[in-house]
Each structure stands twice: as structure tokens, then as C-alpha cells.
Amino acid sequence: MYRKFNTYTEMSEYAAKLVIEQVNNNSQSVLGLATGSTPLGLYQKLIEENRNGKVDFSKVSSINLDEYCGLEKTHSQSYRNFMNNNLFDHINIDIRKTNVPNGLAEDIDEECKRYDKVIEDFGGADIQILGIGLDGHIGFNEPCEEFKKGTSYIKLDESTIEANARFFDNDISKVPTHAITMGIGGIMSAKKIIIMASGDKKRDIFEKARIGKITPQVQASILQFHKDVVWLFAEKN
Ligand code: F6R
């Protein structure tokens, strides 16, 4: 399904409606979550509706897409902290049921295996939320020669480092160079996927992913093979 909105707020409200329906239909839902600026409006709406008693997250579990490697646990931009600050600390989710890869694991290969087992044990997410990078990445699956199945340790592309510098005082040297990301297999194992983007900068890559050639050079294009993807685009940021 494809829907276009005028504003980012309208898109976020629509995405929140889908997530809330999912949780209200199954209180033990598994939510696949993303960081970055795109889902912030959605998270804000979920917080609001949780406060209004319209949705209960107490039995929900979550699996996040990715985590930077090498950032201290307390660093404000680690994705664990991002999720706590922007969602988990403000809703009634059980924090023990929230999963984010451990970017500080001593044995990164083991951590990737462990994370794949977490995803597999859940049978994949019930709904996976995705943003899209300017280079077409989902999670941190950057353009390359293949679609990687499992969770992996990756080097961030220069364009991704530049795009994310806004979260690190606009200082490229402060952006981590590596991350752990859920693989394309893990993402595709979700029963439903909501991919969102907004504004002129994202228009072309969003359309390439949605209706262009399916190629690992645009990792999000693989979603065309998934049977239940909701493509949401807002004209204005
Ligand atoms: C975040 C993630 C990334 C972002 C993408 C878009 O967990 O996996 O793929 O969704 O980089 O980022 P924003 O939304 O900041 O434009």
C-alpha cells in the first residue's frame, strides 16, 4: 500500500494509528523500531495515546534495527539512549522487553548471532518501522553487492556519516564509523513493514526504492518483494 500526505504530522499520525491497532489487537505484539528523525513524530503520538489510555504497551516487546559501535553507554546518541529518551521512558513498556544490539560487545560476531536468535525466537516483528537513508539504506544496510541476510557489523558510508553528523554537533569526526545492523533477512521476516520518508531530499530515493529496480545498490528496494509493506511519504518535513 502507498499513501502520500501533505505534512509530516499527518503521516506520523497515520503510522501511529497502524501501530496502535496492532497493539490493541495483540497486547503481546513485537514492534520492530528505528531511530533517526523520521519516526520521532510517530513516537510522540504513541506517547500521547499511551498517556490518554488508548494503548497499553505493558506486554509489548521491541526489537531495534541497529546500534553504533564504540559509543559509551551513557552517550546521548547511542541508539539505546535515543530509544529510552524518545520513547521507552515515556510509555508503559517493560524495558526488559526492549532489544537493541549491544554496540559495546567484546565479541561482535557473537553479538550478531545473539541478535539474530532474538529476532528468530520472536518469529520476526509484527510491525517493523523503517526510515530510509539518502543512499537507500534500511537499518544500516548500506549499498553493496548483496542483500545481507543476518545481523552484521558494518562500516558506515561517508554519506551516512555526513547525514548523521547533525546529531553529533555537526562534527563528522565525532560520528562512529561502524555499527551493528539487523540484516535484510531479519527486516523481511517482519509480518508487516511501515516505511516512512518526508520532504524533497528523500523523494527520489523513496521512489527508487518503491518502484525502481530491485538492487542491493538500493537496499530498501528489496521491500518490493515483501507481501505487506505500507509506503508512507509526506511532502513536507
Ligand atoms: C535508524 C536507521 C536508519 C534511518 C535512516 C534515516 O535506526 O536504521 O536506517 O532510518 O538513516 O534516518 P533519518 O530518519 O534520520 O532521516
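Helix α1 (residues 8-25) packs against helix α2 (residues 40-51) at an angle of about 55°, and their axes lie 8 Å apart. The crossing of α1 past α2 is right-handed.

This is a predicted model, where local features need pLDDT of at least 70, side-chain atom pairs count only at pLDDT 80 or more, and totals for chains, interfaces and linings use all residues. Residues are numbered from 1 along each chain as its sequence is written, and side-chain values use heavy atoms, without hydrogens and water.

Now the residues that touch. On the α1 side they are Tyr8, Ser12, Glu13, Ala15, Ala16, Val19 and Ile20; on the α2 side, Leu40, Gly41, Leu42, Lys45, Leu46 and Glu49. By class, this contact has eight nonpolar, two polar and three charged residues. Contact means heavy atoms within 4.5 Å.

Leaving aside neighbours within four places in sequence, Leu42 is in contact with Ser12, Ala15, Ala16, Val19, Ile129 and Met196.

Leu42 also belongs to the largest nonpolar core, which has 32 residues. Such a core is a set of buried nonpolar residues joined through side-chain atoms within 4.5 Å; buried means under 20% relative accessible area with a 1.4 Å probe. Leu42, Leu46, Phe57, Leu87, Ile194 and Leu232 have the most contacts inside this core. α1, β2, α2, α3, β6, β9 and β10 each supply at least two of its residues. The largest share, nine residues, comes from α1.

Conventions:
Axes are lines fitted to C-alpha atoms, for helices over the stretch in contact, and angles run from 0 to 180 degrees between N-to-C directions. Helices (H or I, at least four residues) and strands (E, at least two) are DSSP runs, numbered from the N terminus. A crossing is left-handed if the near helix is turned anticlockwise from the far one by less than a right angle, and right-handed if clockwise. Ala, Val, Leu, Ile, Met, Phe, Trp, Tyr, Cys and Pro count as nonpolar, Asp, Glu, Lys and Arg as charged, and the others, Gly among them, as polar. Buried means under 20% relative accessible area, exposed over 50%, partly exposed in between (1.4 Å probe, protein chains only).
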